[in-house]
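Visitor: I am new to this structure and would like to know what lies behind the words used for it. Please show it to me.

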Amino acid sequence: MPPPGGFQEIRYKRNLPFRGPSGAVILAGVTAVCAFGFYRLGLGNLEKRELQRERVWSRIYLVPLLLAEGDRDAYRRQQAALEREKEIMKDVPGWEAGKSVYHNPKYRPAESIVVL
């Protein structure tokens, strides 16, 4: 026969401890972190675009100056080479310093490359 007051209740429910935030809280946290990351990425892209624009315009403004400096340097070197040629060939009769050996009156500057 059963004991007086009946048998003890059978435990059939699981007794699991709390193991952290729920899935919805984790999803909200991940969404917030991703949103903040994309916001910062957008700001970085804007800054990078502005720096690129500034770099391009600075090159545009500097190219004429650099070309003029290159022309001055080429002219100075050409005049120095002409003076050296006059000094070296001063004893050769009929030699004209700076005259083209190809008998072409066209002036052709040295080839130069402009890197933008």
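This is a predicted model: local features need pLDDT of at least 70, side-chain atom pairs count only at pLDDT 80 or more; totals for chains, interfaces and linings use all residues.

Visitor: Where in H1 does a kink lie?

Guide: A kink of about 35° is found at Leu62, shortly before the proline Pro64.

Visitor: What radius of gyration does the protein have, against that of a compact globule?

Guide: The protein has 43 Å, whereas a compact globule of 116 residues would have a value near 13 Å. Along the principal axes, the C-alpha atoms fill a box of roughly 145 × 25 × 20 Å.

Visitor: What percentage of the residues count as buried?

Guide: Of the 116 residues, 0% count as buried. To be called buried, a residue needs a relative accessible area under 20%.

Visitor: Which regions does UniProt place on this chain?

Guide: An unreviewed UniProt entry places a "transmembrane region" at residues 20–39. The chain there is 85% helix and 0% strand, with the end C-alpha atoms 28 Å apart. The unreviewed entry in UniProt also has a "coiled-coil region" at residues 65–92. Over residues 65–92 the chain is 86% helix and 0% strand, and 41 Å separates the end C-alpha atoms.

Visitor: How many aromatic pairs are counted?

Guide: The count is one aromatic pair. The ring centres of Trp57 and Tyr61 are 5.7 Å apart, and the limit for a pair is within 6.5 Å.

Visitor: Why is the pair of Trp57 and Tyr61 called tilted?

Guide: Planes under 30 degrees apart would be stacked and planes over 60 edge-to-face. The planes of Trp57 and Tyr61 are at 40°, so the pair is tilted. Along helix H1 these residues are four apart, which puts about one helical turn between them.

Visitor: How many salt bridges does a search of the whole structure find?

Guide: The search finds six salt bridges. One of the salt bridges joins Arg53 and Glu50.

Visitor: Why is the contact of Arg53 with Glu50 called a salt bridge?

Guide: The limit is a side-chain nitrogen of Lys or Arg within 4 Å of a carboxyl oxygen of Asp or Glu. The closest N and O atoms of Arg53 and Glu50 are 2.6 Å apart, so the contact counts as a salt bridge. These two residues are three apart in helix H1, about one helical turn. Arg53 is partly exposed at 44% relative accessible area, and Glu50 is partly exposed at 38%.

Visitor: How do you know that Glu69 and Arg72 form a salt bridge?

Guide: Their N to O distance is 2.6 Å, which is within the 4 Å limit, so the contact counts. Glu69 and Arg72 lie three residues apart in H1, about one helical turn. With 43% relative accessibility, Glu69 is partly exposed.

Visitor: Which residues are linked in a network of salt bridges?

Guide: The network links Asp73, Arg76 and Arg77. Between Asp73 and Arg77 the closest N and O atoms are 3.0 Å apart, and both residues lie in H1, four residues apart.

Visitor: Why is Arg77 called exposed but Asp73 partly exposed?

Guide: Arg77 has 52% relative accessibility, over the 50% limit, so Arg77 is exposed. Asp73 has 29%, which falls between 20% and 50%, so Asp73 is partly exposed.

Conventions
Residues are numbered from 1 along each chain as its sequence is written. Side-chain values use heavy atoms; hydrogens and water are left out. UniProt positions are given in the numbering used here, feature names are shortened, and annotations may be inferred rather than shown by experiment. The bend at a residue is the angle between axes fitted to the seven residues ending there and the seven starting there. Rings of Phe, Tyr and Trp (its six-membered ring) pair if their centres lie within 6.5 Å; planes under 30 degrees apart count as stacked, over 60 as edge-to-face and the rest as tilted. Buried means under 20% relative accessible area, exposed over 50%, partly exposed in between (1.4 Å probe, protein chains only). The radius of gyration is taken over C-alpha atoms; the globule rule is 2.2 Å times the number of residues to the power 0.38.
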